[in-house]
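The sequence and the model are shown first, and the description follows.

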Amino acid sequence: MRPITAYRRINKLLWLNRLPKATFMFTDNTTMPNALGVTLDNDGVFEKPVIVLNVRYRRWGKTLVHEMIHIAEPTLRHGRTFEALVNLYWKIVKTEVKGFNTK
């Protein structure tokens, strides 16, 4: 499954299609060596969120959920609450979204 398809399905499942459409970009480890993904959203430059995924990591599903939470909750900082939410939503996605590589 492609990330854009997964984004649509997860958005429908968890946020009832309330998240805006996103643009996806892929980069490699030489460009983004210390991150699995990043979301560019709240700086006033972009009309819609841009999710950048590191192609080195083939298991991008949980990273996508992580980035979607950044879009849904832009003021929620990383920490225990954020990680608990990522883990809860990832568990739901693995169970409910068919055809998703969740290994």
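## Pairing in the sheet

Two strands are said to pair if DSSP finds at least two bridges between them. In this predicted model, strand E3 (residues 50-54) is joined to E2 by four bridges, and the two run antiparallel. One of the partners can be named: Leu40 is bridged to Val50 in E3.

## The sheet as a whole

Three strands form an open sheet in the order E1-E3-E2, and the pairing is mixed. Strand E1 (23-27) and strand E2 (37-40) are at the edges; each has a single partner strand, so one side of each is left without a neighbour in the sheet. From one strand to the next, the twist averages 20 degrees.

## Helices on the sheet

Helix H1 (residues 3-15) lies across E1 and E3, and its direction is at about 135 degrees to E1. Helix H2 (residues 61-72) also packs on the sheet, where it touches E1, E2 and E3. The direction of H2 makes about 25 degrees with that of E2.

## Helix H3

Helix H3 (residues 80-96) has 17 residues, which at 1.5 Å a residue should span 24 Å; the end C-alpha atoms are 24 Å apart, in agreement with this.

Which residues of H3 are buried? They are Phe82, Val86, Tyr89, Trp90 and Val93. These residues cover an arc of only 110 degrees around the axis, and therefore lie on the same side of H3. H1 and H2 are among the elements that cover them. On the face of H3 turned away from the buried side are the exposed residues Arg80, Thr81 and Lys91.

Terms used:
Residues are numbered from 1 along each chain as its sequence is written. This is a predicted model: local features need pLDDT of at least 70, side-chain atom pairs count only at pLDDT 80 or more; totals for chains, interfaces and linings use all residues. Side-chain values use heavy atoms; hydrogens and water are left out. Axes are lines fitted to C-alpha atoms, for helices over the stretch in contact, and angles run from 0 to 180 degrees between N-to-C directions. Contact means heavy atoms within 4.5 Å. The expected span of a helix is 1.5 Å times one less than its number of residues. Buried means under 20% relative accessible area, exposed over 50%, partly exposed in between (1.4 Å probe, protein chains only). The arc is that of the directions from the helix axis to the C-beta atoms.
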